[in-house]
Amino acid sequence: MSPFRWLPACLGGLLLVPVAAQLPPGVSEFSGIYRPAGLAVQPCGYNEWLRRSFETDRFCLGSDEGFPFIEDGLAAWRDYSPIEDPVLRCIESFPRSAMRGRPLRVVLGENVTEIAYWFNRQWHTREVHMNGSPATADAGHTDFGYSTGHWSGDTLVVETTHTRGGPMFNDHKQSSPEARYTERFWIAPDGRNLLMDIAIDDPLYYSRPFLLNRQEWIAAPDRPLSQTECTPSSIWVEPGGDDEE
Amino acid sequence: MRNELHGPRHADTPLLTPLAIASLLLCAASELAAHHSDSVYFVDDRGDPRGAVKIEGTVSGVRLINPHAEFFVEVVNETGETDRWAIESDSWNELQSYGWDEATIEVGDRVEIIVSMSRFHDTAGRLRDILVYGSAPNAVSQLFLEFIPGSESGQWESVLELVQQAPQCEGTVPYDFLGERGEEILVCLALDEPALDALRAEYADRIRIFD
C-alpha cells in the first residue's frame, strides 16, 4: 500500500478548513450567520432593539410623516402601482432585502466581502469590493447594485450605488436608481451580535440623507434555515390565475 | 376532484399534531411575517362595505403555496353568469399551523367565503372567514373564522363567544382566546348540520358568514 495513502484525505480536510481573511490590524472578525432581532424591522415600535437604543429618524408605513420627500419622491410613491412590486414575484432587491427580516450571512474578505440574505431556500449574495475599485462607467443597475467597502476603525462601511430603485418598504416608498446607500456593520457590546444601520442619500427623491433602518442581528450559527419556497402570486402577477400547483 | 388517498376528512381526519405544528412554527418562524401589507392590496376593514363581502360557490383551483395560498372559486353573479374569483390567504405554513392540510379545501368543494375586496380587481379578495361544506349529506363542515386573540376590539366579541362554545377541529392546538393580544388567526370549528343551523340562527345578525 502506498505510504502516501493518507494524502488525499488530508488534502480533502484542508479544503474544509476555512481560511482566515487577511483583515486590517485591529479589525474584529465577525464573519458568520445572523438572524434579525425581532421579525419586523421597520420603526414605529416594531424593532425592539431600535426602540431601546437609538434616537433615529422615525417613520411609519403608509405615512409620509418623518420622510424627507421632495415632490418627485412623493409623486413616485403615490403613483406607484403595488401590483408592480417585485416581491410579488419573489424578488427582493437592495435595500429591501436587508430590511425584511431574512437571515444574514457575512463573510469578511481582504478583497471581497460577501453579504448574503437567506430567502427562498438560497443565499442571495452581494459582493462588496474591498479594494476600492469603483463601478465601471458602463456598469448597469442590478438588484443588489455595486458595493465598495472599507474599514473605519472596527466598523465595516459599505457604500452601494447602481441599484434598480423601487419600493423600499411594504408601503412602497421609493428610492431612485441614483440613490447611494451607506451601511455600517459593527460588533455589539456583547461581543457576539452584530449591529447594522443603513442610510440613504437620494437627492432625486429626498431632501437630505437619512437613516432607513437600524437593526441588531443575533449570532445564529446553528439555527436551521427555512426551506420555505416563495411562489409568485398568480392573483397579482397573472390575473385570472394558474390554479395548478 | 377529491383525492381518495386522503380518505374521509374534516372532523374524521386527524389534522396536524400539536408537536408537528410546533415544529412547523419553529422552522417557519422567519417566514411568518406578512409578505406584503394587506391594506395596500385589499379593503382591509370589516366595517367597509367592500371589507367583508360574502361569496358562495365551488372551488375550481387551489394553490397551497408560500407566502400566500390562493384559491379560485366559481361564483354565479347577479346576472346568472359565472365569475372566477381569486382568493388570497395566509401562507401555507400558517394555514397548516391552523390545522389545514391538503384535504381541507379541494377542487369541487362548496364554500362560503367572507373576503376583503381587492383594490385592483373586481373578482379578487383576501380570505377572512370560510365555511367548507362536508362532502356528503350530513357530513361535518369546517368553519374557519378570523379572530385576534386577546383583542379588546368589540368586533371580535361575537366570534369569541362562538369559538368558546363550538367544537374545534380535531388535532388543532388549543387556542388561548383570552391570552395576550396576538396576530390574526383562523380558528377551525367542526360543525355538523344541526350545529351549523343552530349557529346560523343565533349569529345571523352578528357574524357575517351566517347572514
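Residues are numbered from 1 along each chain as its sequence is written, and chains are lettered from A, with ligands numbered from 1, in the order in which they are written. Because the model is predicted, local features need pLDDT of at least 70 and side-chain atom pairs count only at pLDDT 80 or more, whereas totals for chains, interfaces and linings use all residues.

The pLDDT, the predictor's confidence in each residue on a scale from 0 to 100, averages 82 in chain A, where 78% of the residues score at least 70. Helices (DSSP runs of H or I, at least four residues) and strands (runs of E, at least two) are numbered from the N terminus. In chain A, confidence is highest in S4(A), at 98, and lowest in helix H2 (residues 48-53), at a mean of 37. Over residues 1-18 of chain A, pLDDT stays under 50 and the model has 0 contacts beyond four places in sequence; here, two residues are in contact if their C-beta atoms, placed from the backbone, lie within 7 Å. Over residues 39-57 of chain A, pLDDT also stays under 50, but the model has 37 such contacts.

Chain A holds a closed barrel of 9 strands, which runs S1-S2-S3-S4-S5-S6-S9-S10-S11 with mixed pairing. From one strand to the next, the twist averages 30°, with axes taken as lines fitted to C-alpha atoms (for helices over the stretch in contact) and angles running from 0 to 180 degrees between N-to-C directions. Strands count as paired if DSSP finds at least two bridges between them. Strand S4 (residues 122-129) of chain A runs parallel to strand S5 (residues 146-152) of chain A, joined by 2 bridges, and Val128(A) has Ser147(A) as its bridge partner in S5(A). S5(A) is also joined by 7 bridges to strand S6 (residues 155-161) of chain A, in an antiparallel arrangement, with Trp151(A) opposite Leu156(A). The hairpin of S5(A) and S6(A) has 2 residues between the strands, and Gly153(A) takes a positive phi near 65° there. Strand S11 (residues 210-219) of chain A is antiparallel to strand S1 (residues 32-36) of chain A, through 3 bridges, and Tyr34(A) stands opposite Ala219(A). Strand S10 (residues 194-201) of chain A runs antiparallel to S11(A) as well, with 7 bridges; Ile200(A) faces Phe210(A) in this pair.

Tyr181(A) sits in strand S9 (residues 180-187) of chain A and counts as buried because 22 C-beta neighbours lie inside 10 Å. A residue is buried if 20 or more other C-beta atoms, placed from the backbone, lie within 10 Å of its own, exposed if 12 or fewer, and partly exposed in between. Leaving aside residues up to four places away in sequence, Tyr181(A) touches Pro95(A), Thr160(A), Ile198(A), Ala199(A) and Ile200(A). The C-alpha atoms of Tyr181(A) and Asp201(A) are separated by 6.3 Å, although the two residues are 20 apart along the chain.

Turning to chain B, the model shows 5 helices and 7 strands, in the order α-α-β-β-β-α-β-β-β-α-β-α from the N terminus on. Buried residues make up 38% of the 211 residues of chain B. Among contacts in chain B between residues at least 6 apart in sequence, 63% join residues at least 24 apart.

A nonpolar core is a set of buried Ala, Val, Leu, Ile, Met, Phe, Trp, Tyr and Cys residues joined through C-beta atoms within 7 Å. The largest has 49 residues, and those with the most contacts inside it include Val73(B), Ile87(B) and Phe144(B). Strand S7 (residues 185-191) of chain B gives this core its largest share, 6 residues. Another core, of 29 residues, lies apart from it and includes Met99(A), Phe119(A), Leu156(A) and Tyr181(A).

Finally, helix H4 (residues 157-165) of chain B has Val159(B), Leu162(B) and Val163(B) buried. Seen down the axis of H4(B), the buried residues fall within an arc of 95°, so they line one face of the helix; the arc is that of the directions from the helix axis to the C-beta atoms. Glu157(B), Gln164(B) and Gln165(B) are exposed on the other side of H4(B). The buried residues of H4(B) pack against strand S6 (141-147), S7 and helix H5 (193-203) of chain B.
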